[in-house]
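Please look through the sequence and the three-dimensional model shown here before reading on.

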Amino acid sequence: MDGFQTISMQRAPTVTGLPGLAAPVQRGLKSAIGCVGIGLHSGRKIAMSLNPAPAGHGISFRRTDLPGTPEIPARYDHVVDTRLCTVIGLPGQPEVRVGTVEHVLAALAGCGISNAVIEVDGPEVPVLDGSSANFVFLIDCAGIVEQNAPMAVIEVMRPVRVQDGAAHATLLPCAFGFEASVSIAFDAAAIGTQALSLRVTPGSFRAELAHARTFTMAGDVERLRAAGLALGGSLDNAVVVDGDRVLNPGGLRMADEFVRHKLLDAVGDLALAGAALRARLVAHRCGHALNNTLLHALFSDRANWRPVASEAVPFRVSRSPGARQHDQRIAAAAA
Ligand SMILES: [Zn+2]
């Protein structure tokens with residue numbers, strides 16, 4: 001057992017001082033809580049609830065408006081679209097999909113939540129204010145409980161790099177927890193070039209990332225609307241940039257809100273690994289597609305990663321429909 005595994009078996013009170021994506025025990029929600037909001041792309045009013053789930057379940061989404069209330073595991077290999085947001089679905093069932101999952105997944109990962117069922121009665125998660133702040137508020141209202149199982153952690157063992165034109169992302173081995181260095185470069189002068197490095201912990205996620213809103217270019221808004229997308233978008237749920245101007249009357253929440261949101265998105269997208277990552281992310285101009293490609297590249301070669309967990313970790317016992325194959329892959333690799 002190496003030093004990290006020893007740490008991973010410790011219980012509170014060290015929990016709050018450890019990286020949120022590598023907390024030593026699994027955490028879940030104490031109670032269910034819900035809200036109603038607008039879907040960014042559908043423009044529909046959508047009811048969402050965050051519900052407790054047992055240790056070992058992982059994060060999943062459930063469509064309560066569809067026959068049989070199908071459940072979709074929040075995992076990278078269930079991503080079916082990444083063009084404007086991250087969309088997950090079930091193979092061969094195109095109607096069973098949930099879009100804009102990244103901000104609520106970032107909130108859960110940022111708060112160190114391993115297990116939850118997110119119910120929605122429509123095709124996407126409500127956008128709320130375009131950040132993760134309201135989801136963190138809901139999580140806090142529901143309450144967080146420690147569960148009687150060690151946290152599952154995926155340790156990155158060697159660099160894994162993906163590239164798409166000028167955009168690139170690399171996962172590197174990391175001594176402890178999850179760290180990220182993200183940079184962006186936009187022609188719009190209001191954004192320009194921004195960079196941020198952060199060790200992501202529950203504290204730093206809440207303080208530095210959770211409030212950063214999604215953003216778009218004014219010129220793209222009409223194009224998206226004409227394509228039947230972003231129908232629910234407004235200055236209430238996105239920062240809209242026109243050249244050197246921010247069109248929102250209240251301006252920005254932080255001067256570098258844009259790169260902070262990019263890092264927030266990366267936390268949410270990489271939560272689709274299905275377990276906490278022990279890694280360092282270095283990325284430039286990354287987006288949902290590249291983030292998902294990065295996870296596919298990570299898991300494409302067993303030498304890239306290893307599970308860091310005790311025998312008691314319920315990798316092998318999953319109650320989440322469809323999760324078994326992924327769990328078996330991790331279990332086989334651990335053997
Ligand atoms: Zn986003």
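The buried residues of helix α2 are Glu 102, His 103, Val 104, Leu 105, Ala 106, Ala 107, Leu 108, Ala 109 and Gly 110, where buried means under 20% relative accessible area, with exposed being over 50% and partly exposed in between, for a 1.4 Å probe and protein chains only. Since nine of the nine residues of α2 (residues 102–110) are buried, this helix is largely enclosed by the rest of the structure. Gly 112, which follows α2, has a positive phi, near 75°.

The model is a predicted one, in which local features need pLDDT of at least 70 and side-chain atom pairs count only at pLDDT 80 or more, while totals for chains, interfaces and linings use all residues. Residues are numbered from 1 along each chain as its sequence is written, and side-chain values use heavy atoms, with hydrogens and water left out.

In the chain there are eight helices and 20 strands, these being DSSP runs numbered from the N terminus, with helices as H or I of at least four residues and strands as E of at least two. Of the 335 residues of the chain, 60% count as buried. Among contacts between residues at least 6 apart in sequence, 73% join residues at least 24 apart, a contact meaning heavy atoms within 4.5 Å.

Which helix does α2 cross, and at what angle? The axes of α2 and helix α3 (residues 133–142) come within 8 Å and cross at roughly 45°; axes here are lines fitted to C-alpha atoms, for helices over the stretch in contact, and angles run from 0 to 180 degrees between N-to-C directions. The two helices α2 and α3 are therefore oblique to each other, given that angles under 35 degrees count as roughly parallel, over 145 as roughly antiparallel, 65 to 115 as roughly perpendicular and the rest as oblique. On the α2 side, His 103, Val 104, Ala 107 and Leu 108 meet Phe 135, Val 136 and Ile 139 of α3. The residues of this contact of α2 with α3 divide into six nonpolar, one polar and no charged, where Ala, Val, Leu, Ile, Met, Phe, Trp, Tyr, Cys and Pro count as nonpolar, Asp, Glu, Lys and Arg as charged, and the others, Gly among them, as polar.

Another helix pair can be read in the same terms. Helix α4 (residues 202–209) and helix α6 (residues 257–270) pack at an angle of about 140°, with their axes 10 Å apart, and that makes α4 oblique to α6. The crossing of α4 past α6 is left-handed. Phe 205, Glu 208 and Leu 209 in α4 meet Arg 260, Leu 263, Leu 264 and Val 267 in α6, and the residues of this contact of α4 with α6 divide into five nonpolar, no polar and two charged. Arg 260, found in α6, counts as buried at 13% relative accessibility. Not counting residues up to four places away in sequence, Arg 260 touches Leu 196, Glu 208, Leu 209, Ala 212 and Met 254.

The strands can be followed next. An open sheet of three strands has the order β6-β7-β8 with antiparallel pairing, two strands being paired if DSSP finds at least two bridges between them. Strands β6 (79–81) and β8 (93–98) stand at the edges with a single partner strand each, so one side of each is left without a neighbour in the sheet. From one strand to the next, the twist averages 55°. Three bridges join β7 (residues 87–90) to β8, and within β8 the bridge partner of Gly 89 is Arg 97.

Further along, strand β12 (residues 160–164) is joined by five bridges to the antiparallel strand β13 (residues 167–172), with Arg 161 opposite Thr 170 in β13. The two strands β12 and β13 form a hairpin with two residues between them, and Gly 165 in the turn has a positive phi of about 65°. Strand β13 also pairs with β19 (residues 276–284) in the antiparallel sense over five bridges, and in β19 the bridge partner of Thr 170 is Val 282.

Key
Left-handed = near helix turned anticlockwise from the far one by under 90°.
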